[in-house]
Amino acid sequence: MFSALGSALHRRRVAVLLLALLVTVLATAYGGSVSEKLSNGLSDYDDPGGGNVVARETIAKATGVDPQQGYLLLVRTDESLKPGVAPPATVKAAVELLRSRSEVKDVIDYSSAAGTGLISKDGRSTVVVGAVRTMEYQESVDAEKAIQEAIKDDPVLKDRTWLGGSTPGHVQVAKVSDEDVSNAELIAAPIILVVLFLVFRGLVAAFVPLLGGFVSLLLTMAGLRLTTDFMNVSAGAMSLSFALGLGLSIDFGLLIVSRFRDELAADKDRGEALRQTVATAGRTVLFSALTVAAALAALTAFPHPYLRSMGLAGVITVLSAALFALVGLPALLAVLGHRINSLAPRRWQRSAGTAAATEGRWHRMASAVMRRPGIFAVVATAILLLIASPLAGVRFTGVDPALLPKETSAGQVAAVLEKEYDDAGTAPLQIVLATGDLAPDNSRLNDYVARIKDVPGVEAVAAPFKLDERHWEIDAVVAGNPLDDTAQESVDAVQDLKAPYSAAYTGVTADFLAQRSTIGDSLPLAAAILAGVTLLLLFAFSGAVVLPLMALVMNLLSTGAAFGFLVWVFQDGNLGFSPQNGLEATTPLLVFALAFGLSTDYNVFLLSRIKEARAQGMDDRAAVAYGLSRTGSIVTSAAVLFCVPVGALALSRLVFIQELGLGAAFAVLLDATLVRALLVPSLMALLGAAAWWAPAPLRKLHQAVFPHRSKSESPVASDESEPREPVAAPVG
């Protein structure tokens, strides 16, 4: 099949290129508006069927106020503020500004009955709270911009008032995220081009995979734009698509271009070189793409729109990268032919001796490891477990305005509230009781309120009030930052109390606890999908049962080490990063899916060469050494090139994006070095022929579904993973 595809692409290379150009132009035009269609609502992080969502909807329907949204105006004054004293002009102007907004349903300042705690410790600043109705994301963006302009244009408020709160904070998180991803693109692109040039020793060969990355991103944007017509797609999907699309396209391009240059260096004509390239490297690209897509597809098992969007975006990105690598790139190579080696300085061209030396180093290392496989297996496992050990103390947190940099108004407001206010009470725990058609029993309500007051960390509880004919609400103020461990423990304790009626809870802390709970509930299904599909794909590729299980264990070790590294860096505050309350709850899932898929991807590269060596008659240990010698540098180069766009995300000003970038990059580098260099050869040596074992019925099934390929399509006849670093053809 792959040979036929390669031949067809060579014959129709001009037509295929023109079609690819047309598709790219259409994708650019159609996908260019994707950012306007993406969802970025606060509810993207909630289970739509969760009790906290039910509570919010009940409150919003009864009062017109969305508990999840709101404004905070931080106002600084030149005079000391005291309860019972008329507010100064700046505070009055802030109150009037919020009341003038059509989306604001209620305004509370320190002179209001519910305004306790809205004055700073030094009495020189105060917070004005604006409760708002439910707004779509774009409406929130427009409102945030309008309020910022109103503050800037008002001489009383200018330089004395800052806009914060959940709604502006969420808008500013998205804005900072977009800016940081764009900056990461600008940083990553030239670095990738330089690294590719060093790998290929030629500018044209280096530029082709990079071109594939940009084309794949355009196709991904079009795919996401189409998806928005059927479901909500979170704006965070664009960050993942950038890093994953560019990294995978370059990895796939590295395989295809290297293989094509190998074939040309073997004096094959352009058509035969392309056919052999697609028949070998193309097959590897297909299996690699399927393994990564399967890992990311597991994210769709979670009910949260954000995680589902990330999983769907990941699958679309992988398919886009594979489509270009299997169709567009071969057609381009067919047109270029020997010109793929153009702009390659002679003094930089690698000799066959250099390639042989590189392979020799990997071969010697694998042989040394396999002479004492037990020791190296124990050492490698111990190192991975040591790196993973901080995971024992992991904590999780959510995303709130406190994560924003201080140059944003919402970030500044959050920092001031945490430092200068005892407890502003701007994020209460809201308890919705479904009393039914009957009037509630006041004694039972009062007893429940009293028990809530006795919970450690609960500072105040308001009297129950009626929402509608079937629901009552009780508000409780919990001490500390809503996402701190103490606040979580207090809200957990309140939820553990036996309520007099059916109760649902919302508020920043309750919403996060609900998110964490539903993630935990969905985790077994996601893990089953990930493990099951990965095992099936590796069985289809290798025909063995033990090897897929071994790959699963190694992937768990490397991803566990990556999580431990994240805890050590971000939660414990190392490598120059400030200590955090915990890891953002969804980030480990994204890192795990990315790292797991790419680890399996690199495992496919290695297994293909070991399998080839065994087919040639080598014994098991010699086959492992041969496979590692032929894939060592290609996997390392692919990992480094993937880590550039992903690692660039670590430069973001948002901690949760830093966690994603640094965690994924560390996991990939760890897998491409320690795992492949020490753990794989040692385990393969210990297992020997048993690694390739499968029950007789499964062997027969594999042979029936995947019959032996012809020699022209077999990796025995070609090199689908490790380029032999051919001497570049002279220009002209």
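Is Asp447 buried, exposed or partly exposed? The points below begin with that residue.

This is a predicted model, in which local features need pLDDT of at least 70, side-chain atom pairs count only at pLDDT 80 or more, and totals for chains, interfaces and linings use all residues. Residues are numbered from 1 along each chain as its sequence is written, and side-chain values use heavy atoms, with hydrogens and water left out.

1. Asp447 is partly exposed, with a relative accessible area of 41% (buried means under 20%, exposed over 50%, partly exposed in between; 1.4 Å probe, protein chains only). Asp447 forms a salt bridge with Arg451, with the closest N and O atoms 3.1 Å apart (a side-chain nitrogen of Lys or Arg within 4 Å of a carboxyl oxygen of Asp or Glu). Both residues lie in helix α15 (residues 442-453), four residues apart, about one turn of the helix (helices are DSSP runs of H or I, at least four residues, and strands of E, at least two, numbered from the N terminus).

2. The count of salt bridges comes to 20. One of them joins Arg395 to Asp485, at 3.1 Å between the closest N and O atoms. Arg395 lies in the loop between α13 and β5 and Asp485 in helix α16, so the pair ties together parts 90 residues apart in sequence.

3. Glu407 and Arg653 belong to a network of salt bridges that also includes Glu179 and Asp180. Glu407 is exposed, at 56% relative accessibility, whereas Arg653 is partly exposed, at 30%.

4. His471, in strand β9 (residues 471-478), is buried at 18% relative accessible area.
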